[in-house]
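Here is a short briefing on helix packing and nonpolar cores. Look over the model first, then read the points below.

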Amino acid sequence: MLNDIRSLIKSNGMYNNKSKKSTKPQEISYKRVQSYMMWMIERYGDYSAKSLLQKANLLFKEDTQFNQTALDYLIEHEIIDDARYAKRLTMSLAESKIGPNKIKEKLYAKGFQSATINDCINELETTEDDYFDKALALKIRKFGEEPISDIKLKQKALRHLTATKGFSYSIANKAITYTPDEE
């Protein structure tokens, strides 16, 4: 895919290694906006369509008429695909020690549509037991193996597992009150 992007840049005449930075402002054109978007993807990797459009709107704030058409071109040629990027990001986040709510929060921050986020979360092959195991591991690491009986410490642990790590209340409460003898 990276070679496709480079060849597309070269074929459009947008790739020039020997250019010097000029001090005068450049004219905003469709090719310049498209070249900027391609450069961002090539340099920094995948972007959601929304975040790439926001970056282009910031840079080309004097004239934003070409931003959406350049983005549409990239989407049409499947250089930008929100569903593909969201799935890959969801799988990566699922491997870390966070719950489904935190995964959703991180995907929302990237600018994905809620339908795309829900599809990605539903495709996860993670069960309640997997989330419980993650929550229990975090609880043990931070608060020890014994069940928490102190109310203030219990509230702190619940807040940590629900708000910070994104686990549901039921899973967090189960992890906090879990005793190793229950098995």
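A residue counts as buried when its relative accessible area is under 20%. The model is predicted. In helix α6 (residues 100-110), the buried residues are Pro100, Lys102, Ile103 and Leu107. They span an arc of only 160 degrees around the axis, so they lie on the same side of α6.

**Around α6**
- The cover over the buried residues of α6 includes α5 (82-95), α7 (114-123), α8 (128-143) and α9 (151-164).
- Leaving aside neighbours within four places in sequence, Ile103 is in contact with Thr90, Leu93, Ala94, Ile98, Ile121 and Leu124.
- Gly111 follows α6 and has a positive phi, near 95 degrees.

**Nonpolar cores**
- The largest nonpolar core has 29 residues. Ile103, Phe112, Leu161 and Phe167 have the most contacts inside it.
- Two or more residues of this core come from each of α5, α6, α7, α8, α9 and α10 (169-177).
- Helix α8 gives the largest share, six residues.

**The α2/α4 pair**
- The axes of helix α2 (residues 30-44) and helix α4 (residues 67-76) come within 9 Å and cross at roughly 50 degrees. That angle makes α2 oblique to α4.
- The crossing of α2 and α4 is right-handed.
- From α2, Tyr30, Val33, Gln34, Met37, Met38 and Ile41 take part in the contact. They meet Asn67, Thr69, Ala70, Leu71, Tyr73 and Leu74 of α4.

Terms used:
Residues numbered from 1 in each chain as written. Predicted model: local features only at pLDDT ≥ 70, side-chain atom pairs only at ≥ 80, totals over all residues. Heavy atoms only, no water. Buried < 20%, exposed > 50% of the residue type's maximum accessible area, 1.4 Å probe, protein only. Helix = DSSP H or I, 4+ residues; strand = E, 2+ residues; numbered from the N terminus. Arc of directions from axis to C-beta. Contact = heavy atoms within 4.5 Å. Core = buried A, V, L, I, M, F, W, Y, C linked by side-chain atoms within 4.5 Å. Axes fitted to C-alpha atoms, helices over the stretch in contact; angles between N-to-C directions. Parallel < 35°, antiparallel > 145°, perpendicular 65-115°, else oblique. Left-handed = near helix turned anticlockwise from the far one by under 90°.
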